Amino acid sequence: MADKTFTDQNFEEEVIKSNVPALVDFWAPWCAPCRIVSPIIEELAKEYEGKLKVGKVNVDENPNTASQFGIMSIPSILIFKNGQPVKTIIGAQSRENFKKGIEEVLSL
Amino acid sequence: MYDVIIIGSGPAGLTAAVYTTRANLKTLVIAGGKWGGQLMLTTVVDNYPGFPQGIQGPDLMLAMRKQAERFGTEFIDEDFSEGDFDSNPFKIKAGKKTYEGKAVIIATGADTKWLDVPGEKEKIGKGVSSCAPCDAFFFKNKNVIVVGGGDSAMEEALVLTSFADSVAVVHRSETLRASQIMQDKAKKNPKIKFLFNTEVTKILGDEKVTGTELKNNKTGEVSKMDLDGVFVAIGHIPNTIKFKGVEMDEKGYIKVKDHTRTNIDGVFVAGDVHDSHYRQAVTAAGFGCMAALEVDHWLRGQE
């Protein structure tokens, strides 16, 4: 799988200090709309391999990261650049919408 | 060229697809970026026949989709953007492509109706939500309100009690619209209280929700309430805005004649997009079946 698993432990190393922008999918197993988003995110991980680091944070298991970024609704997709969240996309969206968000960040 | 293009992938659209493919009609479902419809935002569904222990809404939809795929339905997981219904074959645009169909079934259902008060829109996902099963988790030991008085408001409130400290149901009229069984469940729960004759007039907070302004519509009294979450369950609006040339009623529901037909010959309709009355998964599925049978009949008449 092209997408990674981010945790409270590795978030700093993998996302904040990442050399390339990072897309983080905040999800949980009990969240139905997250199940719609997951396969789209996995596809995008492949499509943007090398340009964008893509991974998931299970909010059940990693409450600190979720609360640090004020997550109050899932799925929430945050895109980080230089350690900062620069784009937030909340709720299940079409593939095109996610791509638009990614392209926006990559062109910054 | 498809025999039929079904726009929408809730119980109406997917049931229609099962029937049209089994009738050997080449079928495309424009499923949308978020496929599956309203049931994808629910937890357990206890009133869909055939599941004595209930079934999770998303699992039910996945099963319906697999059933439709088994008979050869094609799916496009893109949003419908526009349709040209002026001449047959109809041209249906989704994503970047245009698809042609001899017949169309509109089954786009309905979406959450928001309160439309100041402070709401920008705080969706920051304390404002329409999906307690998705978001209740983030309100552990917090105080929330649910706006609405129907079954879905009761369900949202009950889901929230597993996490929140207190849940107030805010309802604009004096009596609930919810079924007796749901009312009883909610009223029995010690965490849930009710504010009747009360409307939310403003949602407060900068970054996230910190409170609401409430107005008692009997006394006119305005008050403020500190809280962390506002769950909106005041009903739905039909997804019909993109259908030009298709007749609708004053509320935006598609006008139906002879059970499944629209004003355009060859364009049929099924489910919550025309039905403001029953709005059940099982009735939507039934309407999907009816529309599919009529499409099959209509196509034979065209030959």
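**A walk through two chains**

In chain B, helix α1 (residues 11-22) and helix α6 (residues 281-302) have axes that come within 7 Å of each other and cross at roughly 40°. This is a predicted model, so please read every value here as computed from it. Two packed helices are described by the angle between their axes and the distance between the axes. The crossing of α1(B) and α6(B) is right-handed. On the α1(B) side, the contact is made by Pro11(B), Ala12(B), Gly13(B), Thr15(B), Ala16(B), Tyr19(B) and Thr20(B). Facing them from α6(B) are residues including Ala281(B), Ala284(B), Ala285(B), Phe287(B), Gly288(B) and Cys289(B), with Leu293(B), Val295(B) and Asp296(B) also among them. Sorted by class, this contact of α1(B) with α6(B) has 13 nonpolar, four polar and one charged residues.

Next, let us turn to the place where the chains meet. The contact draws on 20 residues from chain A and 22 residues from chain B. Which helices of chain A each supply at least two residues of the side that touches chain B? They are α2 (32-47) and α4 (95-106). The largest share of that side comes from α2(A), with four residues. By class, the side of chain A that touches chain B has 10 nonpolar, seven polar and three charged residues.

The backbone deserves a look too, beginning with the cis peptide bonds. In chain A, one joins Ile74(A) and Pro75(A), with omega about 0°. You will find Pro75(A) in the loop between α3 (63-68) and β4 (76-81) of chain A. In chain B, a cis peptide bond joins Asn88(B) and Pro89(B), again with omega about 0°. Here Pro89(B) sits in the loop between β6 (80-84) and β7 (90-94) of chain B.

Finally, have a look at two residues with positive phi. Asn82(A) is not a glycine, yet its phi is positive, at about 50°. It lies in the loop between β4 and β5 (84-90) of chain A. Is Asn82(A) buried or exposed? It is exposed, because it has 11 other C-beta atoms within 10 Å, and 12 or fewer is the cut-off for that label.

Over in chain B, Asp116(B) is also not a glycine and has a positive phi of about 65°. Its place is the loop between β9 (110-112) and β10 (128-129) of chain B. Asp116(B) counts as exposed because it has 9 C-beta neighbours inside 10 Å.

Key. Residues numbered from 1 in each chain as written. Chains lettered and ligands numbered in written order. Predicted model: local features only at pLDDT ≥ 70, side-chain atom pairs only at ≥ 80, totals over all residues. Contact = placed C-beta atoms within 7 Å. Nonpolar A, V, L, I, M, F, W, Y, C, P; charged D, E, K, R; others polar. Buried ≥ 20, exposed ≤ 12 C-beta atoms within 10 Å, placed from the backbone. Axes fitted to C-alpha atoms, helices over the stretch in contact; angles between N-to-C directions. Left-handed = near helix turned anticlockwise from the far one by under 90°.
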